[in-house]
Amino acid sequence: MLLIILAAAWIAGLLPVGLWGAPWWLGAAWVAAPAAALAAWRRISWPAAAAGVVLAAAGGARLAGALQPEVIPVSEFTGKEATLFGTVVSEPDPGDLTTAYDIRVDRLVLEDGTTVEQAGTVRAWLHQYAKYLPGDRVRLEGELKAAPVFDDFDYRAYLARNGVGAVLYRPKDTLEAPGERSAGRELTRARLALDRSLQRALPEPEASLAGGIAFGRDGGLPRDVVEAFNRSGLRHLVAVSGANLVLVAALTMAAAVRLIGRRRGWPLAAVAVAGYVAIAGFEPSVVRAAVMTAVLFAGELIGRPQSGMPGLAAAVIVITAGWPRLAVDPGFQLSAAATAGLIAFGPWLRHGAESARRWWPVSWLPGWLTDVAALSLAATIATTPITWAHFGSVSLIGPLANVLVQPVVAVAFWASLATALAGAAAPGAAAAAGAAAYYPLAFILDTAQLAASPGWAALESGRLSPGTAALAMSLLAAAALIAYRYLPDTRELPEAVRSRAVLGNRLLVGGATGALVLAIAPGIDGRPGHLRIDMLDIGQGDAILLTTPGGAQVLVDTGPSGLRLARQLGAVMPHWDRTIELVLVSHPQEDHIGGLPALASRYRVRSVVTTGDRNDTRTAALATAAVEDRESVARAGDHFSVDGVQFTVLWPPEGGGGSLNQRSLVVLVEYDGVRLLLTGDSEGPAQRALLAAGLEQVDILKVPHHGSRTSDPNFLALANGGLALISVGAGNPFGHPHPSTLAALEGATVVRTDADGRIRVDVEGGRIRVRTER
């Protein structure tokens, strides 16, 4: 109990400094009166009371010193062009079109020759395929900028707290020298390799969710999915979260204890934690998660879960004394609160669940399910004020969503870990493991999106004030202390209840198995039986997937972003199908080949047809290198067939000149009497030549060049009475599609990705059916 009281004094010393920037001594002043009162009432000794006051003062002083504003030299040069020589100090953080790195600036050189040594750290958004490891020495050339400040988030202040003084957007980057071998560097290399294993075995967004659950790499999740996790109260699942790790370990232990006993069950949970820490790396967030979980294990191992509370108290003091800034870090606060909630509230909630099982309708529920519900609710209650204070909302549906999802999260954790490890050892094994991991991951995603959909799912009233949040946590702490001091009585359940629970468990497992079979069965074949055309919503670019009646895939262009392409393919292809039979590349420009290197790393691409043209860009070089052993060159007059679908190359002619756009592939696709014309970015001269050669009306026209005004109106008239598809990014800076192009298409039905999202066209029995995402 003494450790708990001392930890409370330490936290009281941190609070006023962290919440309001108050003087370091204020917390000690708060603690002095209640400490003296407790000593006078002989609840604690006078030396313990004095120790509490000293600890409060020490905690306040330690945090006040750590929070002193630091001047980062590079921040004084924002708005100026500069050359930076620095060292990579972070893992890659992937985005749709960029990859972000933190770079320690060893030397900064301005245009006027001014040189600054050891200028701090910058965050640089580099090319999407930039590949650096911690320790690599790089040269960056670009304009230093101040980080943005958003309406609901001061990103500049957030970066400054982490020592980042400026940002660079798409600077020219050059590797000066690879980093020296180190444990951290090799761990990062291994972690990235495991992440690639997940990407090869799983579609998106399941692959990114698996990386988030297994080792904290969730950067590939799209914004709408992240928002769904926020609103549904499942935010902790997609980060290196102590709360998540504690829950996974607790659930693994709870299940293992029931199956194989306490002494043999806890090592299984320990393996989960050890694997997580080893793969996620020894970052502060990972270490704090492991420490909190070890605290929980300590009590479970000796059969007295409550004994973990003094260990938690000691851990909080030691961690925040060593790394005082963690005291104001949301992740650490959530980790500590979740652990405290499991220790203090968990037994009472489990007792309540066990008592409820004596009631006949509830008695059918298996014990592991009520344990899951109790543990999830305990962690949710303990962390709600912190979540509300830091993120401005509280999920009302979160407790229910967590109860539904948490048992599956434990399965998804182990399955994702197995898939990642299998992929590093044997691709075939990874495919099998990935097929098994997909379903729990898909269940989590679907549950998050379903739970987030009601308007009442989350209360978004803005952030709690620091004082209100502190008051709420103080009340919870008082309730936790009472719950900790007075353990519930444990009573054996009647035999009839235990028998019904066994039967309920069989029914639940059987029902879940049946639901899984029903979910899997419709997609086992994967052959649509007709031609399916999916115009993918990949932003300002082109990517069209043709699926033949027998299930073969032909991808026409790959858009500008590997990550966007992976997400779109994940939405339209069977999850177990990791093969693209043929890729047609209309021409080697960024908005048509940007996703090709990522496609080649995630999928088995059997063959690639191009014009043979080359482009002097980084992406084009990577795309060529990725598929050069499978590339063939097409010319006008070439014919080929894929599963009964006929392809005729109409352009470019042999020896033809002109720009890359002018030399774009134009391909006529014919199936079941329906004619589809794929046009790339072809422009007026090529189009007029095709018209002069006798090109006739088509049923479906892929409008050239995203609907720009470079098309001949007579060429666009080929779609009159038919369907016109426009692939274009919302709010693009080029004004696509141009009003003159839309006017020329008045005789056709026009659908476009910026307004309609992903577009699906089914060609069956000579008929055309169109569905849009929005």
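A residue is buried under 20% relative accessible area, exposed over 50%, and partly exposed in between, using a 1.4 Å probe and protein chains only. At 36% relative accessibility, Arg 200 therefore counts as partly exposed. This is a predicted model, where local features need pLDDT of at least 70, side-chain atom pairs count only at pLDDT 80 or more, and totals for chains, interfaces and linings use all residues. Residues are numbered from 1 along each chain as its sequence is written, and side-chain values use heavy atoms, leaving out hydrogens and water.

**Arg 200**

- Arg 200 sits in helix α5. Helices (H or I, at least four residues) and strands (E, at least two) are DSSP runs, numbered from the N terminus.
- Which residues is Arg 200 in contact with, leaving aside its neighbours within four places in sequence? They are Gly 423, Arg 578, Ser 601 and Arg 602. Contact means heavy atoms within 4.5 Å.
- Ser 601 is 401 residues from Arg 200 in sequence, but their C-alpha atoms are 7.0 Å apart in space.

**The largest nonpolar core**

- A nonpolar core is a set of buried Ala, Val, Leu, Ile, Met, Phe, Trp, Tyr and Cys residues, joined through side-chain atoms within 4.5 Å.
- The largest one holds 33 residues. Leu 209, Phe 229, Leu 441 and Ile 444 have the most contacts inside it.
- Two or more residues of this core come from each of α5 (183-201), α6 (206-215), α7 (223-231), α15 (398-425) and α16 (427-452).
- The element that gives the most is α15, with nine residues.
- Ile 444 is in contact with Leu 209, Ile 213, Phe 229, Leu 237, Val 405, Val 408, Val 409 and Ala 412, leaving aside neighbours within four places in sequence.

- Val 225 lies in helix α7. Its relative accessible area is 3%, so Val 225 is buried.
- Val 225 touches Leu 445 and Gln 449, not counting residues up to four places away in sequence.
- Val 225 and Leu 209 are 16 residues apart along the chain, and 9.8 Å separates their C-alpha atoms.
- Ser 393 lies in a loop, between α14 (367-391) and β8 (394-395). With a relative accessible area of 10%, Ser 393 is buried.
- Ser 393 touches Arg 235, Thr 387, Trp 388, Leu 459 and Glu 460, not counting residues up to four places away in sequence.

**Helix α11**

- Helix α11 (residues 308-322) has 15 residues. From first C-alpha to last, α11 reaches 21 Å, close to the 21 Å expected at 1.5 Å a residue. The expected span is 1.5 Å times one less than the number of residues.
- Buried residues in α11 include Gly 308, Met 309, Pro 310 and Leu 312.

**Cavities**

- A cavity is a set of points, on a 1 Å grid over the protein atoms alone, where a 1.4 Å probe fits but cannot get out; lining residues have an atom within 4 Å of a point.
- Grid points are joined across faces, edges and corners, and a volume is the space filled by probe spheres set on the points.
- There are three cavities of 30 Å³ or more.
- The largest cavity has a volume of about 140 Å³. Of its 15 lining residues, Val 585, Pro 588, Thr 610, Arg 614 and Thr 624 are the closest to its centre.
- Helix α22 (residues 618-627) gives the largest share of that lining, four residues.
- The second largest cavity holds about 50 Å³ of space. Among the residues lining it are Val 556, Leu 584 and Ser 586.

Terms used:
1 Å grid on protein atoms, 1.4 Å probe; cavity = no way out; pocket = protein on both sides within 12 Å on 5 of 7 lines; lining within 4 Å.
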